[in-house]
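Work through the following exercises with the structure open beside you, and try each task before you read its solution.

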Amino acid sequence: MTVISGKDLIKSTINLLKTPKPIIKGLWHLQQAKPERFMSIGLLLEQQAANNSDLIAIQFKDQRYSYDALNKQANQYAHFLHEYGIGQNDKVAIMLDNRPETIIIALAVVKLGAIACMINTTQRDSILEHSLSVVDTRLLIADELYISAINNIKTSLSSTLQQNVFYIPALAASDMNDKYKNIATLVANYSVLNPESTAQIQLKHCAFYIFTSGTTGLPKAARMSHHRWFKSMAGMGMASLRLTADDVLYLSLPLYHNNALTVSLSAVFGNAATLALSEKFSSSRFWDEVRTHKATAFTYIGELCRYLLNVPPNNNDKQHNVKKIIGNGLRPEIWDEFQQRFGIEHINEFYGASECNLVFTNALNLPHTAGVTPLAFTVVKYDIDNDEPVYNAKGKMIKVKTGEVGLLLTKITKRSPFDGYTDDNESNKKLFKSVLKDDDCYFNTGDLVNYQGYRHISFVDRLGDTFRWKGENVATTQVEAQVNDFVQIEQSVAYGVELPHHDGRAGMVALTLNCPIHEFSASEFYQHVNAALPSYAQPIFVRLREQQDITGTFKYKKAELKKESFRPNAATETVLIKHPGQKSYTTLDNNAITAIELKKLSF
């Protein structure tokens, strides 16, 4: 694992100081971002519309929106919603795909001091019903394509919400009944002037609800305040990524994701840059769209980069204008390859979460790190066996040393408050008190990180993903890193499964291949695993799949995989076993399963 040295720090700082203006601007805005200040996302847009009216704010296909035009359209929606009774702290659900209207409507909502609830467009049935009800939504604006999904749950919604469903016409032609109103036509004659409400909003007020992916249990709504959005703008968009008005940031992540709505949009708006919006991510179209938009930067999450690497190399891989990228989850094992193949100068990896109260950012452009934060945090020793932090004789947690892995805790202070979830009970579950001193309070990220020194960290694994086997901690990210190096592997998902008569959890990987499943070489994969991983980390079971189940933001759905264990419900999927004494993975049959259950087969 990477450890940051003083030499690395000095060299990177010298390079950083060659372009001091964006950094100074970012630090100034960071200092000004106080919760009580009368400032907001909507007011920032109004300022950019006044000062940079003709600059392009959004590009989408062949559409162009200047800052002035964007602000005026947001105002029309705001005036309409205000007349409809939407005001301070009211919740408006937005279930739209990537398109300019999604941003425009979200901006209109926050201009009123209301809260834009960004619904994951992949949600259906009980999950969608839960998301709409848990935040007590008063009004819903949906893409025409999702009206059928809303109709399926309509009788379960509140009477208020049932009467307040509007739609935006689909980008592609479709048949629409007249049960709901087209809000795009309704707002056309409303005022383009700035609403009076915008000037009354403080940074501490909530702007968005971002829903967790729900990979385990039902989604939770995390609050995103104007304050945290502005801190992202200043700390990452200005001081770290250092965008300017000449930059074009390409975005293919869904707008209901925080990397899009907060990280990307704040970086663009704060610098009067341009957001080049894509309908959705496509590995085959990605670089062509980047070139078409003349993008100089893009936003990623780690698996996006892996998908791009899986596309066969092309002689035009470096023929683009992209100099810097921002995102999180870029694994160390592909970091260098990705940077070199596509000629990226600055990988602005960061660490953060929708509910987390601070962010680490790779401002110094160092390799294999999620960067640094000026705010208070600690990394403490964690006992995987007992699933709890390690305490000293005084009942306090113990900090790890440089180069060690531990649980990341972020301190809750006035400068970095915890906005939490809409459910106070869920919020309280995430807090540790009297961690290092009496009466201190920390947010439990639930993430294991490597403390790299000089206030830098790198992500290692999620608690619950790291498992214990043969008395050793196994990090699923490390297993996946080695497994993915095998020539036939397209994607891997590693996890631990319970075995009868065994302590801990046995390793299992679900694999998708870049070749037909019947061509998978189990013996060569065995040799690869045996050479690449220590014995305790080598998967006991291998599940071969046509495709992985993922969320709309490329997170693997591990909960169901763990539940199905080594006996999956999918009858068409093959499971292999690393049978003791054999030098290959072989098909798991009923005889082997019976032997495991009767304690006749041990590992």
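**Exercise 1. Aromatic pairs**

How many aromatic pairs does the structure hold? Then classify the pair F286 and W287, and the pair F525 and Y585, by the angle between their ring planes.

*Solution.* The model is a predicted one, and it holds 25 aromatic pairs. A pair of aromatic rings is described by the distance of the centres and the angle of the planes. For F286 and W287 the centres are 5.2 Å apart and the planes make an angle of 80°. Planes over 60 degrees apart count as edge-to-face, and this pair is accordingly edge-to-face. Both residues of the pair, F286 and W287, are buried.

For F525 and Y585 the centres lie 5.5 Å apart with the planes at 40°, so this pair is tilted. Planes under 30 degrees apart would count as stacked and over 60 as edge-to-face, and the rest are tilted.

**Exercise 2. Where the tilted pair sits**

Find which elements hold F525 and Y585, and decide whether each residue is buried or exposed.

*Solution.* F525 belongs to helix α17 (residues 522-532), whereas Y585 lies in the loop between β29 (574-577) and β30 (586-587). The two residues are 60 residues apart, and the pair links distant parts of the chain. For the second step, the cut-off for buried is under 20% relative accessible area. F525 has a relative accessible area of 0%, so F525 is buried; Y585, at 3%, counts as buried as well.

**Exercise 3. The surroundings of F298**

Name the ring cluster that includes F298, and list the contacts of F298 beyond its neighbours within four places in sequence.

*Solution.* Ring pairs join F298 with Y250, F281, F286, W287, Y307, F338 and F342 in a cluster. Leaving aside the neighbours within four places in sequence, F298 is in contact with L249, Y250, F286, W287, L304, V322, K324, I325, I326 and F338. F298 is also among the residues with the most contacts inside the largest nonpolar core, which has 140 residues. Helix α5 (residues 100-111) gives the most to this core, with 8 residues.

**Exercise 4. The length of a helix**

*Solution.* Among the buried residues of α4 are Y67, L70, A74 and L81, and just after the helix G85 takes a positive phi of about 100°.

Definitions and conventions:
Residues are numbered from 1 along each chain as its sequence is written. This is a predicted model: local features need pLDDT of at least 70, side-chain atom pairs count only at pLDDT 80 or more; totals for chains, interfaces and linings use all residues. Side-chain values use heavy atoms; hydrogens and water are left out. Rings of Phe, Tyr and Trp (its six-membered ring) pair if their centres lie within 6.5 Å; planes under 30 degrees apart count as stacked, over 60 as edge-to-face and the rest as tilted. Buried means under 20% relative accessible area, exposed over 50%, partly exposed in between (1.4 Å probe, protein chains only). Helices (H or I, at least four residues) and strands (E, at least two) are DSSP runs, numbered from the N terminus. A nonpolar core is a set of buried Ala, Val, Leu, Ile, Met, Phe, Trp, Tyr and Cys residues joined through side-chain atoms within 4.5 Å. Contact means heavy atoms within 4.5 Å.
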